[in-house]
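Biologist: I would like to go through this model term by term. For each label, please set the value against the cut-off.

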Amino acid sequence: MMKRLLFALATAGLCLASPGYANWTLNLGYHNPMNADLGVNFLYWGSQWNFEVGIGWVDADAKATDDANDKKTEKDDDGVGLALAGDLNVKYRFMTGVFAPYVQVGIGAWTSAAVGDQSDANADLGGPFAGIGLMLGKPNFYGYAAYNVDKNENDQVQAGIGFDI
């Protein structure tokens with residue numbers, strides 16, 4: 001209980017600190033978060049250290065079959081499914097100018113659920129990843145591209161655009 005309380009106080013301190021209200025940007029990215037097709041991310045644009053959290057769309061599926069033609073022993077596969085991915089990462093930009101190469105490390109997660117004749121739900125902490133990238137621009141408008149590798153040696157290229165909020 002004490003560990004949870006200390007963690008909550010530390011998190012609240014980071015969230016409520018006066019610099020925490022400024023320098024937040026919103027970016028739309030391809031493969032950002034890691035393993036998502038498209039994602040929405042909040043990036044804290046510090047001097048050289050950046051913190052990012054995001055959620056992204058992985059897959060959505062809906063199926064309906066004609067039950068009138070089914071045999072009594074045949075199982076239906078009607079249903080709706082959704083899969084989402086998210087991540088937390090930290091970037092270190094080597095420069096603070098318009099052209100800024102960076103390294104990043106983070107941890108990804110995903111969840112999926114299906115409702116229907118074959119219902120299912122699953123969630124997993126996807127694991128750590130690391131990569132290198134390049135930011136072009138300033139917090140008011142920027143673009144980025146990165147190359148990442150996860151714990152299973154799967155690689156992904158990220159790219160996107162962002163703007164100050």
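Biologist: Which residues does Ala100 touch, leaving aside those up to four places away in sequence?

Modeller: Ala100 touches Arg93, Met95, Gly133, Leu134 and Met135; touching, or contact, means heavy atoms within 4.5 Å. The model is predicted, so local features need pLDDT of at least 70 and side-chain atom pairs pLDDT 80 or more, while totals for chains, interfaces and linings use all residues. Residues are numbered from 1 along each chain as its sequence is written, and side-chain values use heavy atoms, without hydrogens and water.

Biologist: Which residues make up the largest nonpolar core?

Modeller: Ala100 is one of its 8 residues; the others are Leu43, Trp45, Tyr102, Met135, Tyr142, Tyr144 and Ala146. The term stands for a set of buried Ala, Val, Leu, Ile, Met, Phe, Trp, Tyr and Cys residues joined through side-chain atoms within 4.5 Å. Buried itself means under 20% relative accessible area, exposed means over 50%, and partly exposed lies in between (1.4 Å probe, protein chains only).

Biologist: Which elements give two or more residues to this core?

Modeller: They are S2, strand S5 (99-116) and S7. The largest share, 3 residues, comes from S7. Strands are DSSP runs of E with at least two residues, helices are runs of H or I with at least four, and both are numbered from the N terminus. As a general point, nonpolar side chains tend to be buried together in soluble globular proteins.

Biologist: How many aromatic pairs does a search of the whole structure find?

Modeller: The search finds 5. In one of them, the ring centres of Trp45 and Tyr142 lie 4.9 Å apart and the planes stand at 55 degrees.

Biologist: Why is the pair of Trp45 and Tyr142 called tilted?

Modeller: Rings of Phe, Tyr and Trp (its six-membered ring) pair if their centres lie within 6.5 Å; planes under 30 degrees apart are stacked, over 60 edge-to-face, and the rest tilted. At 4.9 Å and 55 degrees, the pair of Trp45 and Tyr142 is therefore tilted. Trp45 belongs to strand S2 (residues 38-45) and Tyr142 to strand S7 (residues 141-150), so the pair ties together parts 97 residues apart in sequence. Both residues are buried.

Biologist: What makes the pair of Tyr92 and Phe94 edge-to-face?

Modeller: Their ring centres are 5.5 Å apart and the planes are at 85 degrees, so the pair is edge-to-face. Tyr92 has a relative accessible area of 25%, so it is partly exposed. Phe94, at 47%, is partly exposed as well. Trp45, Tyr142 and Tyr144, for their part, form one aromatic cluster.

Biologist: Why does Asn148 count as buried?

Modeller: The relative accessibility of Asn148 is 0%, so the residue counts as buried. Asn148 lies in strand S7, and the residues that Asn148 touches include Met34, Phe129, Asn154 and Gln158.

Biologist: What joins the side chains of Asn148 and Gln104?

Modeller: A polar contact of 2.8 Å joins them. The term requires a pair of N or O atoms within 3.5 Å; within protein, one must be able to donate a hydrogen and the other to accept it, and residues adjacent in sequence count only if both atoms are side-chain atoms. The Asn148 side chain also reaches the backbone nitrogen of Gly131, at 3.5 Å.

Biologist: Which phi does His31 have, and where is its place?

Modeller: His31 has a positive phi of about 60 degrees although it is not a glycine, and its place is in the loop between S1 and S2. Most residues other than glycine have a negative phi, and most peptide bonds are trans. Pro33 is also placed in the loop between strand S1 (24-30) and S2, and the peptide bond from Asn32 to Pro33 is cis, with omega near 15 degrees. Glu153, in the loop between S7 and strand S8 (155-164), has a positive phi of about 60 degrees too.

Biologist: Are His31 and Glu153 buried or exposed?

Modeller: His31 has a relative accessible area of 15%, so it is buried. Glu153 stands at 69%, so it counts as exposed.

Biologist: How do S4 and S5 pair?

Modeller: Strand S4 (residues 79-93) and S5 pair in the antiparallel sense over 15 bridges, where pairing takes at least two bridges found by DSSP. The two strands form a hairpin with 5 residues between them, and Leu82 stands opposite Ala113 in S5.
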